[in-house]
Amino acid sequence: MAVGMFPPSHDERISYAENGHKLGSLELQQQQKNVDDDGRPCRTGTVWTASAHVVTAVIGSGVLSLAWSMAQIGWIAGPVVLLIFAAITFFTSLLLTDCYRSPDPVTGKRNYRYKDAVKANLGEIQLWCCALVQYSNLMGTAIGYTITASISMVAINRSDCFHAKGHNGACNTSNNLYMALFGVVQLMLSQIPNFHKLWWLSIVAAVMSFSYSGIGLGLGISKIIGAWSGPPSSTGVPIGLTLGSVTPAKKVWRVFQALGNIAFAYSFSTVLIEIQDTIKSPPAENKTMKKATLIGIITTTTFYLSVGCFGYGAFGNGARGNLLTGFGFYDPYWLVDFANACIVVHLVGAYQVFSQPLFEFVESTAANKWPKSGCIHTEHAIRIPFVGTWRVNVFRLLWRTMYVIFTTIAAMLLPFFNDIVGLIGAAGFWPLTVYFPIEMFIKQKRIESWSWSWVALKTISAACLMISIAAGIGSIEGILHSLEKYTPFKTTY
């Protein structure tokens, strides 16, 4: 007779129940091993993966303006200022790592994003102040990246033209067409629903970032070896009335703007919490992240000093605002073309990396405000030949399209690389890199007002505020000066 034809006996039922209970317990234990304390899949990040993320987040197009910044500040003060910014960024990043969990930095509740940490430690009002600054900064960065990408595309066109017609050939090209092309690409990429599906784009962008930065460094070294005319000025661009000199006021404005450019080059605090959220524990996430931050800051600072100093050594006080598009380098033209192509590819990815958090914020806010809206919550499946099914959300389509159009038009109206980079760096450095991390640390550690620690932290914050204000004023003056000789939508390079 076949097994199972009759119902199980009492003893068999007990045996099955015990086995089932054991099996269920094993499955539960296995599931518990695969999730962290917050119920999410186990993080797998290490100090090395976190270090790589830090380096990727820090090194960007801001590195290309460092030679110009060195030329404004000088051979001695330039590296010192760069090291000071590195030290401040490292110090405040250490404070921020302890805010990933709250109220206790080791056992407290996880904060998945920068603004979550601000809300948990400083409250709702500070959260909205943080969101306003952070998302304005992200939008400004997207505009800056549109400008930079178009300038690099124009540079490729001009490099080929100079190769064919000679260095004195008429090779002026409008950048508006290239801004529009960059915008079209972003229109398509912006419809990707969420940040997690862009991991491949982030990896490509990181490789491109190291490629063009390394090429700029190599070209600077080769120029120094081939035709070095001695060390640059210890005080940077001279003050006076001779050729190549500037007025005292112009010198001050340029130094302030250079401070903003350097601040922009170190802007990664807004993604530090997100990086820390990828790290496994034990050991505690804050301990691992502190080591990763140290490795990342040392690596990027060494790279920045190399690019900035060798670029300044190669071109002296005549260093251009963008090392690879100012045409201090003409040959080998194919290498200059490749470097600028790397910049464009990197900025295609970087635009999305910095825009996706803003997309998510607006869409989640709209979803919570209008929970029954079909326009916001309903997705329509559209089948695309050779691609697959594309899920379209009407609100996402309209909002992201308007965002890309706005950033593209804004870039066309203000296509000034150095000035915009300086303004973005100035606007984001003090609030996001200094103020919020220090305030959260004071609140979390319950540091008493007017104690030595409180006074020291407040002094650092106040000094950095002054630096940000000065950098912002210098960048705004640069924008106003550029606008005097600029006709919108007719810019050529």
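1. A salt bridge here is a side-chain nitrogen of Lys or Arg within 4 Å of a carboxyl oxygen of Asp or Glu. By that rule E124 pairs with K119, with the closest N and O atoms 3.9 Å apart. E124 is partly exposed at 41% relative accessibility, and K119 is partly exposed at 44%. The bands are: buried under 20% relative accessible area, exposed over 50%, partly exposed in between (1.4 Å probe, protein chains only).

2. Basis of the note. This is a predicted model, in which local features need pLDDT of at least 70 and side-chain atom pairs count only at pLDDT 80 or more, while totals for chains, interfaces and linings use all residues. Residues are numbered from 1 along each chain as its sequence is written, and side-chain values use heavy atoms, with hydrogens and water left out.

3. Other salt bridges. The structure holds ten. One of them joins the side chains of D98 and K290, at 3.2 Å from N to O. This pair links distant parts of the chain, 192 residues apart: D98 is in the loop between α4 (77–97) and β1, and K290 is in helix α11 (residues 285–315). Helices (H or I, at least four residues) and strands (E, at least two) are DSSP runs, numbered from the N terminus. D98 is buried, at 6% relative accessibility, whereas K290 is partly exposed at 28%. D116 also forms a salt bridge with R113, its closest N and O atoms 3.4 Å apart. R101, R110 and E285 are linked in a network of salt bridges.

4. Cavities. The whole structure has three of 30 Å³ or more. A cavity is a set of points, on a 1 Å grid over the protein atoms alone, where a 1.4 Å probe fits but cannot get out; lining residues have an atom within 4 Å of a point. Points are joined across faces, edges and corners, and a volume is the space filled by probe spheres set on the points. The largest cavity holds about 80 Å³. Its lining includes N137, S267, F354 and F429. Two or more lining residues come from each of α6 (124–165) and α15 (417–445). α15 gives the most, with five residues. By class, the lining has five nonpolar, seven polar and no charged residues. Here Ala, Val, Leu, Ile, Met, Phe, Trp, Tyr, Cys and Pro count as nonpolar, Asp, Glu, Lys and Arg as charged, and the others, Gly among them, as polar.

5. Helix α3 (residues 66–73). Eight of its eight residues are buried, so α3 is largely enclosed by the rest of the structure. Among them are W68, M70 and Q72. Just after α3, G74 takes a positive phi of about 115°.

6. Backbone points to check. S102 and P103 are joined by a cis peptide bond, with omega about 5°. P103 sits in the loop between β1 (101–102) and β2 (109–110). R446 is a residue other than glycine with positive phi, near 55°. W450 is another residue other than glycine with positive phi, near 70°. R446 lies in the loop between α15 and α16 (452–484), and W450 lies in the loop between α15 and α16. R446 is exposed at 74% relative accessible area; W450 is exposed at 69% relative accessibility.

7. Surface. V184, V185 and M188 make a nonpolar patch of about 260 Å². M188 lies in helix α7 (residues 176–189) and is exposed at 57% relative accessibility. Patches are made of residues with over 30% relative accessible area and no salt bridge; like charges are joined within 9 Å, nonpolar side chains (Val, Leu, Ile, Met, Phe, Trp, Tyr) within 5 Å. Areas come from the Shrake-Rupley method with a 1.4 Å probe, and for residues only the protein chains shown count as cover.

Note on methods: On a 1 Å grid over the protein atoms alone, a cavity is a set of points where a 1.4 Å probe fits but cannot get out, and a pocket is an open set with protein on both sides within 12 Å along at least five of seven lines; lining residues have an atom within 4 Å of a point.
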